[in-house]
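Here's a quick tour of one model, taken piece by piece. Have the viewer open as you read.

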Amino acid sequence: MSRTHARILLRTTALAGTAVLTAALTACSGGGGGSSAGDAAGDGKAKPETRITVNLTGERAKPGTPVQVTLAEGRLAQVTVTDSKGATLEGKVSADGRTWTSARNAAPGTGYTVEARDADGGTAKAGFATAPPEKVNKLSLAPGKNSTVGIAQPLSIVFDHPVKNKAAVEKALKVTTSDNTEGSWGWMQDWSGKDRVDWRPREYWKAGTKVTLDARLNGVDSGPGGGWFVRDYLTGFTVGKNQVVKVDLDGHRLKLVRDGQVVRDVPMSGGTPGGQKASWRGRTVLMSKEGTINMRSETVGLGDAYDKMVDYSMRLTWSGMYAHAAPWNARYMGNANRSSGCIGMTDADAAWVYGQVQVGDPFEIEGDDAKGTQAVNNGYGAWNVSWSEWQAKSALR
């Protein structure tokens with residue numbers, strides 16, 4: 001495309017006695033250019049040519065940088081940058097009025113239209129498109145949108161591809177709450193091996209808190225091997241009842257505590273101590289209520305010890321620890337730990353607990369009859385580190 005054809009000249013003539021403005025913008029090259037304006041006031045002096053340039057040009061501009069529109073002389077009054085889907089980039093004019101800069105980066109594989117107006121009413125337009133991404137990064141969010149969860153539920157994001165630019169990604173993740181809850185992001189490797197970042201409050205959520213995540217990731221580069229994000233994500237949830245499940249491995253009891261009061265105390269049998277069949281201790285979080293499922297010992301590295309259909313299954317870790325009905329262990333409930341790692345109850349007690357608990361409820365498991373403390377990434381184990389240790393996992397600290 002020639003420079004002459006690429007140039008768009010828009011002339012706006014103001015009222016008598018006001019100078020004629022010529023605004024020139026190069027649509028493909030982004031270079032400024034134009035012709036001098038005549039003397040509308042009749043003093044024989046030409047008005048200086050006005051030129052506007054855009055930092056991103058052509059059909060394969062580099063994404064991941066802000067859009068900048070610069071005026072050669074005078075002051076910018078307004079700049080609008082619209083993408084091919086009709087969304088606009090917010091931005092701000094500099095103090096000297098010469099430059100407008102978008103608050104967000106240009107996204108890959110996107111066409112943009114620039115419209116600029118200066119303080120004298122002159123206008124100009126331009127367009128450019130960014131190069132498409134070689135790889136796109138996507139993510140999975142928990143909990144589900146518009147869900148109601150327990151007081152220990154973190155916001156959790158698992159990425160399809162590696163995230164090397166963790167600070168850039170974390171900056172794009174905005175959490176707001178109805179009661180200004182203090183919290184922090186923390187990075188880890190998920191149990192699946194993928195990169196993951198969770199946001200947990202300093203203390204358990206207050207019942208009734210409304211939480212929103214605005215993940216403004218469109219145009220953010222994950223870094224080498226990760227690819228680009230090409231969309232934003234918006235989700236939210238509400239915190240439900242204030243309840244905690246307290247499990248005493250040494251006393252062989254499980255209690256449901258709601259608003260500080262014990263609602264029910266039932267006998268249970270935990271994992272057999274002294275080896276891999278022991279239960280994990282720590283503050284874990286109910287991940288899902290899975291009902292009746294098939295449990296097989298080889299899936300958790302315990303050989304062919306069992307293959308059972310198990311009722312009222314409540315997942316607590318990725319490594320396979322559940323709370324569930326275990327009628328085959330009834331003789332041990334309340335007096336010994338003899339399971340393969342799970343928290344077993346009678347059919348009736350497990351059915352009652354299953355009906356009362358919420359995904360996101362904390363299970364606070366204590367006792368010496370354990371094989372250690374649940375890891376941060378083995379389900380939702382963020383509550384097993386101190387607040388300062390959790391904050392240190394943020395990429396922005």
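## Ground rules

This is a predicted model, where local features need pLDDT of at least 70, side-chain atom pairs count only at pLDDT 80 or more, and totals for chains, interfaces and linings use all residues. Residues are numbered from 1 along each chain as its sequence is written, and side-chain values use heavy atoms, with hydrogens and water left out.

## The annotated pair

An unreviewed UniProt entry marks His324 and Cys342 as "active site"; such annotations may be inferred rather than shown by experiment. They spread over 19 residues of sequence yet cluster in space, with a largest C-alpha distance of 7.5 Å.

His324 sits in strand 25 (residues 322–325); strands here are DSSP runs (E, at least two residues), numbered from the N terminus. His324 is buried at 5% relative accessible area, where buried means under 20% (1.4 Å probe, protein chains only). Beyond four places in sequence, its contacts include Met295, Tyr312, Cys342 and Ala350, contact being heavy atoms within 4.5 Å.

Cys342 is in the loop between strand 25 and strand 26 (343–345). Cys342 is buried too, at 8% relative accessibility. Among the residues Cys342 touches, leaving out those up to four places away in sequence, are Ser269, Gly271, Tyr322 and His324.

Elsewhere, look for an open sheet with the strand order 12-18-17-14 and mixed pairing (strands pair if DSSP finds at least two bridges between them). Strand 12 (147–149) and strand 14 (173–177) are the edges, each with a single partner strand, so one side of each has no neighbour in the sheet.

Strand 14 runs antiparallel to strand 17 (residues 210–215), joined by five bridges. Val175 has Leu213 in strand 17 as its bridge partner.

Definitions and conventions. Helices (H or I, at least four residues) and strands (E, at least two) are DSSP runs, numbered from the N terminus. Buried means under 20% relative accessible area, exposed over 50%, partly exposed in between (1.4 Å probe, protein chains only).
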